[in-house]
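Reader: I'm new to this and would like to go through a protein model one step at a time. Can we start with the spaces inside?

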Amino acid sequence: MPLAGTAAIINWSDVAPEDRHAYYEWHNRENVLRTISLPGTRRVRRFIAVDADRTFFTCCEVDDLGVITGPDYLAKVSSPSALTKATTKVLKNAIRGLARVGLSVGPALGGSVLTLRFDVAAGRADDMRDELATVLPAVVAMPGMVGGHYFESDMPASLYVSPERQGRPTAVPPWAIVIEGVSLEAVLAAGDLLLPDHVLEGYGAVGPIARGTYLNEITVTRPV
């Protein structure tokens, strides 16, 4: 199914094995529940790496960018709890974008995903958008595939450092693609065939293209 909104927080980060119990207790029992309670937040999902440069990938789907730049969200990140202050110290090498959803297609949510992070050359953004409008539906049409989405980070919003994030250097992914399937084999096959590096570079992608496979751990949806 398409993502549940027109914007999202997309986040990749590392957590050392010895810190994961504390991270899970905080993320499962406080952070996700506090986030999903905010007006306009629709769904939060967390994935763990199979073959990727960061341990976790999370995606928080919201109605629009105003939800994650507005007063309710800013109040949350401006007044972190004691548990948040203690636990977020274990989060390392963060890459985070407050992003608009450029396109989201597909009939379902997948348990396996491939994520791609990259930048786009000056003057090539429309080329990338036009090509992805064709490619992502083709990705979803492949065997075992159920979803395809791309994101463009809002740089001013993403670069804002709230009290909750102070002391945690964070990179911003200018663009990202996430494709979803029923298996790792399905997402790898779709990515290799339709979204290899040289094809994305032909659409305007520049710099290193960071690719990673992940499995879903939790999904929390706002009650209707």
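This is a predicted model: local features need pLDDT of at least 70, side-chain atom pairs count only at pLDDT 80 or more; totals for chains, interfaces and linings use all residues.

Reader: Which residues lie nearest the centre of the largest cavity?

Author: Its lining is made up of 25 residues. By class, 13 of them are nonpolar, seven are polar and five are charged. The ones nearest the centre are Asn11, Trp26, His27, Asn31 and Thr58.

Reader: And which element gives the largest share of that lining?

Author: Strand E1 (7-14), helix H1 (20-36), strand E3 (56-62), helix H2 (71-78) and E4 each supply at least two residues. The largest share is six residues, and it comes from H1.

Reader: What about the second largest cavity: which elements give two or more residues to its lining?

Author: The residues around it are Leu3, Arg45, Phe47, Phe57, Cys59, His149, Phe151, Val178 and Glu180. Six of these are nonpolar, one is polar and two are charged. The elements giving two or more are strand E2 (41-51), E3, E6 and E8.

Reader: E6 has come up now. Why is E6 largely enclosed by the rest of the structure?

Author: For a residue, buried means under 20% relative accessible area. E6 is largely enclosed because the buried residues in it number nine of the nine.

Reader: Which residue of E8 is the bridge partner of Glu152?

Author: E6 pairs with strand E4 (residues 92-105) in the antiparallel sense over six bridges, and there Leu103 has Tyr150 of E6 as its bridge partner. E6 also pairs with E8, again in the antiparallel sense, over seven bridges. In E8, the partner of Glu152 is Trp175.

Reader: Let's move to the largest nonpolar core. Which element supplies the largest share of it?

Author: This core has 25 residues, and those touching the most other members are Phe118, Met128, Ile177, Ile179, Leu195 and Leu200. Several elements each supply at least two residues, including strand E5 (112-120), helix H4 (125-140) and strand E9 (205-221). The largest share, six residues, comes from H4.

Reader: Which residues is Met128 in contact with, leaving aside its neighbours within four places in sequence?

Author: Met128 is one of the core residues that touch the most other members. Contact here means heavy atoms within 4.5 Å. Leaving those neighbours aside, the partners are Phe118, Val120, Trp175, Leu200, Tyr203, Gly204 and Ala205.

Reader: Now a single residue. Is Ile68 buried or exposed?

Author: Ile68 sits in the loop between E3 and H2. Its contacts, leaving aside neighbours within four places in sequence, are Ala8, Ile9, Val62, Tyr73 and Leu98. Since its relative accessibility is 3%, Ile68 counts as buried.

Reader: What is the relative accessible area of Ser13?

Author: Ser13 has its place in strand E1. Not counting residues up to four places away in sequence, it touches Arg54, Thr55, Phe56, Leu91, Lys92, Asn93 and Ala94. Ser13 is buried, and its relative accessible area is 7%.

Reader: Asn93 is on that list. What is its phi?

Author: Asn93 is found in strand E4 and is partly exposed, with a relative accessible area of 46%. Most residues other than glycine have a negative phi. Asn93 is not a glycine, yet its phi is positive, at about 55°.

Reader: Last one: which residues lie nearest the centre of the largest pocket?

Author: That pocket has a volume of about 200 Å³. Its lining has five nonpolar, five polar and five charged residues, and the largest share, three residues, comes from E4. Nearest the centre are Thr88, Lys89, Gln166, Gly167 and Arg168.

Terms used:
Residues are numbered from 1 along each chain as its sequence is written. Side-chain values use heavy atoms; hydrogens and water are left out. A nonpolar core is a set of buried Ala, Val, Leu, Ile, Met, Phe, Trp, Tyr and Cys residues joined through side-chain atoms within 4.5 Å. Buried means under 20% relative accessible area, exposed over 50%, partly exposed in between (1.4 Å probe, protein chains only). Helices (H or I, at least four residues) and strands (E, at least two) are DSSP runs, numbered from the N terminus. Two strands pair if DSSP finds at least two bridges between them. On a 1 Å grid over the protein atoms alone, a cavity is a set of points where a 1.4 Å probe fits but cannot get out, and a pocket is an open set with protein on both sides within 12 Å along at least five of seven lines; lining residues have an atom within 4 Å of a point. Ala, Val, Leu, Ile, Met, Phe, Trp, Tyr, Cys and Pro count as nonpolar, Asp, Glu, Lys and Arg as charged, and the others, Gly among them, as polar. Grid points are joined across faces, edges and corners, and a volume is the space filled by probe spheres set on the points.
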